[in-house]
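Me: I would like a close look at one part of this model, and then at how the rest is arranged around it. Please keep it brisk.

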Amino acid sequence: MRESAATPSIRLTNLAKSFGSVRAVDGVTLDLSDGEFFSMLGPSGSGKTTVLRMIAGFEQPTSGRIELAGVDVTDQPPFARDVNTVFQDYALFPHMNVLENVEYGLRVKKVPKAERRRRAGEALESVRLGSHGDRRPGQLSGGQRQRVALARALVNRPKVLLLDEPLGALDLKLRREMQIELKQIQRDVGITFVFVTHDQEEALTLSDRIAVFNDGRIQQVADPRALYESPQSPFVAGFVGTSNLLTGAAALAVIGRDGTFSIRPEKIHVSSVPEGATTVEGTVREVVYLGSSNHYVVDLDAPPGEDGSRPSLTVQRQNLHHDDELGSRGERIRLAWLPEHVIELPDTDPQADPQADTAPAPPTEESA
């Protein structure tokens with residue numbers, strides 16, 4: 001892997017935060033490149049939002065160091081840091097029009113009126129709302145209000161934009177549209193975006209790299225493809241997408257050896273058996289219709305686990321035809337998968353090495 005001599009946009013070193021006896025963040029070390037779209041992904045309470053708030057200066061670390069562009073800002077207040085934050089609730093002023101909302105931060109900094117109007121207009125153009133400056137927030141859609149909040153953050157020309165689940169309040173269709181918009185805006189403005197989400201599909205869609213958080217620690221850092229195809233722990237395999245986990249007696253019976261293994265549902269063949277594939281028979285227990293695809297839960301002909309339940313696999317099949325050939329509950333079927341699609345995992349989630357990045361950061365101009 002090529003080493004970059006460029007100074008990281010953000011560097012976190014052994015960052016920790018405790019709230020009383022609760023260790024919310026436990027020794028996070030991380031480098032982010034300039035211009036990178038970086039996501040922090042994890043369940044509620046995993047520490048991702050606390051890390052974002054410490055970068056912003058809203059929370060003070062219990063220990064560790066925060067650097068922005070090589071400058072230690074650990075003890076600096078939020079207003080002294082070259083970052084802006086976009087929140088889920090937009091926090092727009094309802095009595096101001098869109099242009100006034102966007103230029104508000106510049107007005108507080110006593111930027112002359114002509115310059116702040118020009119910069120606010122440019123920021124609105126960057127989010128494709130240049131003709132909406134005279135409207136009130138209540139006259140806008142949820143997606144438009146979110147873009148106004150982005151413009152208000154971008155108008156200050158920060159080196160880093162922090163986004164705390166900014167799409168969480170939108171409905172599914174609008175959220176997916178805004179994901180594409182947000183990625184395009186980030187490419188256009190070219191600054192570092194740090195995005196917090198618990199939605200793994202959102203993180204996979206938007207990010208150059210993703211850090212998966214659990215219990216205050218980073219479990220894995222990688223680009224979306226590496227994270228999905230090569231998870232390094234049972235937690236990452238189960239949290240990022242749907243994964244079938246086999247261990248103990250089930251692993252011995254199905255995989256042929258002891259250990260903990262993951263197989264993605266879309267990698268499993270039904271009816272057709274590729275050359276060199278592993279096969280197992282079972283009974284369809286449940287069929288879940290999801291529009292573009294069906295998910296099938298198949299109980300395997302394998303010894304029960306320690307809890308007495310039969311091991312099962314979830315199979316995903318696209319609905320390419322009107323009538324799916326797999327069938328319905330109670331049907332006997334054969335499943336097959338190629339050996340290279342089986343991922344061997346450690347038996348337990350390790351205490352993650354915060355520097356264990358499985359994919360390099362995108363090259364900067366200095367390193368290209």
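How many bridges join β11 to strand β12 (residues 260-263)?

Reply: There are 4 bridges between β11 and β12, and the two strands run antiparallel. One of the pairs can be named: Asn-244 has Ile-263 of β12 as its bridge partner.

Before going on, a word on what you are looking at. This is a predicted model, numbered from 1 along each chain as its sequence is written; local features need pLDDT of at least 70, side-chain atom pairs count only at pLDDT 80 or more, and totals for chains, interfaces and linings use all residues. Side-chain values rest on heavy atoms, with hydrogens and water left out.

Now the sheet itself. β11 and β12 belong to an open sheet of 3 strands, in the order β11-β12-β18, with antiparallel pairing. Strands here are DSSP runs of E, at least two residues long, while helices are runs of H or I of at least four, and both are numbered from the N terminus. Pairing requires at least two DSSP bridges between two strands. β11 (244-247) and β18 (343-345) are the edge strands, and each pairs on one side only. On average, neighbouring strands of this sheet are turned by 30 degrees against each other, direction ignored. (The axes are lines fitted to C-alpha atoms, for helices over the stretch in contact; angles run from 0 to 180 degrees between N-to-C directions.) Strands of a sheet pair through backbone hydrogen bonds, either parallel or antiparallel.

Step back to the whole chain. It holds 9 helices and 18 strands. Its C-alpha trace spans about 75 × 50 × 45 Å along the principal axes. Of the 368 residues, 49% are buried. Buried means under 20% relative accessible area, exposed means over 50%, and partly exposed lies in between (1.4 Å probe, protein chains only). Of the contacts with a separation of 6 or more, 66% link residues 24 or more positions apart. A contact means heavy atoms within 4.5 Å.

Another open sheet has 5 strands, in the order β13-β17-β14-β15-β16, again with antiparallel pairing. β13 (269-270) and β16 (312-318) each have a single partner strand, so one side of each is left without a neighbour in the sheet. Inside it, strand β14 (residues 278-289) and β15 run antiparallel and are joined by 7 bridges. Thr-283 has Asp-299 of β15 as its bridge partner. Strand β15 (residues 293-300) also holds Ser-293. Ser-293 is buried, with a relative accessible area of 7%. Leaving out residues up to four places away in sequence, Ser-293 touches Val-288, Gln-316, Arg-317, Gln-318 and Asn-319.

Next, a hairpin. β9 and β10 form it, with 2 residues between them. In the turn, Asp-215 has a positive phi of about 55 degrees. Strand β9 (residues 209-214) pairs with β10 in the antiparallel sense over 5 bridges. Ala-211 has Val-221 of β10 as its bridge partner. Strand β10 (residues 217-222) is largely enclosed by the rest of the structure, because 5 of its 6 residues are buried.

Pro-43 is partly exposed, at 23% relative accessible area. Not counting residues up to four places away, Pro-43 touches Lys-48, Phe-213, Asn-214, Phe-235 and Phe-239. Pro-43 and Val-194 are 151 residues apart in sequence and 17 Å apart in space, C-alpha to C-alpha.

Last, the largest pocket. Its volume is about 630 Å³. (A pocket is an open set of points on a 1 Å grid over the protein atoms alone, where a 1.4 Å probe fits, with protein on both sides within 12 Å along at least five of seven lines; lining residues have an atom within 4 Å of a point. Points are joined across faces, edges and corners, and the volume is the space filled by probe spheres set on them.) The lining has 23 residues, and Phe-58, Val-83, Asn-84, Thr-85 and Asn-156 lie nearest the centre. β6 (83-86), α2 (98-108) and α4 (142-154) each supply at least two lining residues. β6 gives the largest share, 4 residues. By class, the lining has 15 nonpolar, 4 polar and 4 charged residues. Ala, Val, Leu, Ile, Met, Phe, Trp, Tyr, Cys and Pro count as nonpolar, Asp, Glu, Lys and Arg as charged, and the others, Gly among them, as polar.

Asn-84 sits in strand β6. Asn-84 is buried, at 19% relative accessible area. Beyond its neighbours within four places in sequence, Asn-84 contacts Arg-152, Ala-153, Asn-156, Pro-158, Val-160, Leu-161 and Leu-162.
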